[in-house]
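User: Please take a close look at the nonpolar packing in this structure, and at the charged pairs as well.

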Amino acid sequence: MDVADRPSGLATFLFTDIQGSTRLWERYPGAMALALARHDTIMRVAIASGDHATAISHYEAALAINPAHVSALNGLAWAQYQTNRIDEAVATATRGTEVTPDSPYLWSNLGLYAVALDNTAERDSAYQQFFTTLDDEPSQTHISRGLGPSRIAELTRDARRERP
């Protein structure tokens with residue numbers, strides 16, 4: 001793929017998990033393979049097609065089983081943001097930071113949501129927390145490469161142009 005053909009703009013990381021999957025894989029490997037393939041297909045199709053309602057319902061179902069499921073909280077917040085339910089996205093992502101305060105993904109998304117709300121103080125606070133999580137976790141420093149104040153300002157301008 002040529003550099004010119006690569007996507008540009010905002011990047012989103014979406015992680016999902018099946019609660020108790022290790023035990024289930026050990027006991028029912030065939031059924032788990034099918035369940036995981038179905039889960040992946042549902043999420044891929046929902047997100048690619050912009051079917052955020054399906055994504056939201058799946059994340060909410062996961063959270064009904066495990067309210068502290070950080071990946072589901074982050075995914076739900078992103079889907080809420082994509083449907084212009086930004087206040088809900090902030091509340092959901094904030095719940096995620098209460099469960100896992102060292103998640104750079106949640107903090108960076110909270111910064112983006114603050115941009116959408118034109119809340120400079122919250123944006124700055126979220127991005128400060130984002131950088132703090134990177135300082136605390138050397139394995140995450142690759143995320144911050146090239147993210148200085150001027151890059152944050154550029155991302156803020158891009159987010160304002162691209163918000164739903």
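Analyst: What follows describes the packing and then the charged pairs.

This is a predicted model, in which local features need pLDDT of at least 70 and side-chain atom pairs count only at pLDDT 80 or more, whereas totals for chains, interfaces and linings use all residues. Residues are numbered from 1 along each chain as its sequence is written, and side-chain values use heavy atoms, with hydrogens and water left out.

A nonpolar core is here a set of buried Ala, Val, Leu, Ile, Met, Phe, Trp, Tyr and Cys residues joined through side-chain atoms within 4.5 Å, where buried means under 20% relative accessible area, exposed over 50%, and partly exposed in between (1.4 Å probe, protein chains only). The largest such core has 17 residues, and those with the most contacts inside it are Tyr81, Ala93, Leu110, Leu112 and Tyr113. At least two residues of this core come from each of H4 (70–82), H5 (86–99), H6 (104–116) and H7 (120–136), these helices being DSSP runs of H or I with at least four residues, numbered from the N terminus. H6 gives the largest share, six residues. Apart from this core lies another, of eight residues, including Ala55, Ala72, Leu76 and Ala79.

Turning to charge, the whole structure holds two salt bridges, each defined as a side-chain nitrogen of Lys or Arg within 4 Å of a carboxyl oxygen of Asp or Glu. In one, the closest N and O atoms of Glu88 and Arg85 are 2.8 Å apart; Glu88 is partly exposed at 36% relative accessibility, and Arg85 is partly exposed at 29%. In the other, Arg123 pairs with Asp124 at 2.7 Å between the closest N and O atoms; Arg123 counts as buried at 16%, whereas Asp124 is partly exposed at 39%.
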